[in-house]
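Work through the exercises below with the sequence and the coordinates at hand. Each task is followed by a solution in steps.

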Amino acid sequence: MAITTEPVAYVRGTPIAEQPPPLLARGWVAWVRENLFSSVGNTILTLIALYIIYLVVPPAIRFFFLDAVWTGSDREACLAANVGREVGACWAYVDAKFSYFVYGSYPWDERWRVDIVFVLGAIGIAWLLWLDAPKRNLGALYFFVIFPVVAFILLRGWTAVGLERVDTSLWGGILVTLVVSIVGIVVSLPLGVLLALGRRSRLPLVRLASVIFIEVVRGVPLITVLFMANTMLPLFLPGNMSPDRLLRPLVGVALFASAYMAEVVRGGLQAIPKGQYEGAMSLGLGYWRMMRLIILPQALRIVIPGIVNTFIGLFKDTTLVSIVGIFDLIKTVEVTLVDPTWATPVTRLTGYAFAGLFYFICCYGMSRYSLAVERRLAAGQKR
Amino acid sequence: MTDITQSTSPRTSVINDPRVRGVAYQVILVVVLAFLVYEATTNAIENLRRARIASGFDFLSTTAGFDVNQTLIPFSSSGGSTYGDAFIVGLLNTLLVAAIGIVLATILGFIVGVARLSSNWMVAKLAKVYVEAIRNVPLLLQLFIWYNAVLKALPNPRQSYEVGGGVFLNNRGLFAPQPLLEPGAGLVIGAVVVGLIGSFVFRAWARRRQEATGQQAPIGTVALALIVGLPLLVFLLTGRPIAFSYPELRGFNFAGGVQIFPEFVALLVGLSTYTAAFIAEIVRAGILAVSRGQTEAAHALGLREGPTLRLVIIPQAMRVIVPPLTSQYLNLTKNSSLAVAIGYPDLAQVFMGTVLNQTGQAVEVIAITMAVYLAISLITSLVMNLYNRRAAIVER
């Protein structure tokens, strides 16, 4: 029997075109079935989640965007009676008060100085945080020594070079929030390294002093430290030397952050294998050189995520200085809330939303950065 | 003849001898610290003398000239309460908000932490949004939002929300029925205690029997019967000795019932939701730290989902969870001092705020306040270390 090559009516001669996979096994339908409705319990959870989203998201969108008032010159613009509908966030108020939120009562004509400081600070932070940046040692010197001095001269003023003096009681808003947190990090990092070294020192008295300082500061709330700095610092200084109102909480915040920084750095010191210490010693390096050249560069590098996390905490904690009467962002928002020009039922929530958004963007950005660094550092450990 | 002994004691300069240097460093440190303390003390004494502020702790027995709205012990300025009493009032209020806050934060934190690991995409994302939104906004701002924008914006007592069961919510706080104990109520409370002890004893017995014979006992049902059923039975048998006083609208405010102040509610809600976000991350990390092999091995042994979680995963996760959880509890306690910003009468607000302003004795007041927080921190970490030692891995 010969094999027939003749076409048979019921056999296809050519392959048919590719079919899409069944809708229920691939694509978004399958994904939804698998991830959201795989079982009865799962379906209930999904429905609860949907209900929560329904409760939160549409009112929020309506309040912040759809019903919001974007322009206006005073409270009249944000009153429901004048607008003729329900009124959401009064963004016109934020727009009108924006420069107060950023600079506080800093004199109008001198605000360019603050802008320069912002730019200089941004350069310093970018230099330090970008791990592949050129000359990072120089960057550290710039951020921890040069920048604070220049910023102080610019912000405070120095009549010898023609910069009018601006009293710190006029500083406010985001400027003060940034000043407090930058001073906190600039002081606390070196001090924290010293305390961490002290805690791991062989010398019993040095160790004791470091342990007591670290544990006491970590055991009390920041607010008590701030009260202490506010009321007791003038007592401890001789005679009629009364420290600047802004300087007092700065001292408190810096000391407080140092204790937390010390614990982070100590973690890094402990993570360095003993062989590194022994290797350095066998090369004949003394204690300080061993630390400076071998141990600290490695230890600080692995605790960058920890340092950033401490900084996030510090950044959020700077809001507490408003309780001791410093005009940080929160305090400036609170002050504008009693301003009759903008007194409406929605002003308060709008102000809080603005402040919340500012803190969220800063903190979330930093936490993303710290996660990225962590991943990058972990990549080197993978085998 | 050359001197051989010289080679055994190396001729280094005294300056380079590490031991001498160590002693020198420490002497310098002590001298500097002693100088600072001396300077601070003499200056403080001089400044206080000039400002005519008394020193010492006598002020604690002086009559306080102010009232506090929420007190756990009787306190009134007219009744001759002292600054010492004010201290106790503040301390108790701090402990109250911290204790309830810790319980709520733990419950919410565990729920959110488990939800972040849920296989349900929407639940996991929702939990993630919660954690990120809460963690990245300062607690103080959140307290302001809860207090000023949420609770103060509630309607006045005449238009208050009725939550149901005699619970009312308005801008003066939360009004709830207050249990009134009549004679015989002691028996009901006693029954609760007996039920609790009984169920613990039963659980220990059941566990021992299971290890000896392999037979399981219905622990859950028996405990439920003992803790809920027994008091209920006693309650009915003794003729319902507990009555409730319901809050009623009289004039412009409520009378009767128990009033929970909005400051307390705001602080409690703010602290618990904030800390819960951190606890959720700790719980997630703890569960992820238990390797998948443990789950698979448990399944291979024939354990089902529930027992796998209860007997294999959670005990191991707890080892990772407990140490950071402790520090979160401490953070919550320390953060309760933010009460000062919204006027809840805790230790910081009553003692470091009002008492400090009235007496002017900053050194004593702040030292006492710090010592209290320090003591709370040390005691908590001591207790948690004990627990941790029990839960820690026993290595060979």
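**Exercise 1.** At which residues of chain B does UniProt place the feature "transmembrane region"?

*Conventions.* This is a predicted model, in which local features need pLDDT of at least 70 and side-chain atom pairs count only at pLDDT 80 or more, while totals for chains, interfaces and linings use all residues. Residues are numbered from 1 along each chain as its sequence is written, chains are lettered from A and ligands numbered from 1 in the order in which they are written, and side-chain values use heavy atoms, with hydrogens and water left out.

*Solution.* 
- Step 1. The unreviewed UniProt entry gives residues 20-38, 86-117, 129-147, 184-205, 217-244, 264-283, 338-356 and 362-387 of chain B. Such annotations may be inferred rather than shown by experiment.
- Step 2. Take residues 338-356 of chain B: the model has 74% helix and 0% strand there, with the end C-alpha atoms 17 Å apart. Helices are DSSP runs of H or I with at least four residues, strands runs of E with at least two.
- Step 3. Residues 362-387 of chain B are 100% helix, and their end C-alpha atoms are 38 Å apart.

**Exercise 2.** Describe how chain B meets chain A.

*Solution.* 
- Step 1. Count the contacts (heavy atoms within 4.5 Å): 48 residues of chain B touch 54 residues of chain A.
- Step 2. The two chains bury about 4400 Å² between them, 75% of it on carbon and sulfur atoms. Buried area is the accessible area (1.4 Å probe) lost on putting two parts together, summed over both.
- Step 3. On the chain B side, B:Q26, B:M122 and B:N136 lose the most area to chain A, together 14% of what that side buries.
- Step 4. Between the chains there is 1 salt bridge, a Lys or Arg side-chain nitrogen within 4 Å of an Asp or Glu carboxyl oxygen. The side chains of B:E132 and A:R368 form it, at 3.5 Å from N to O.
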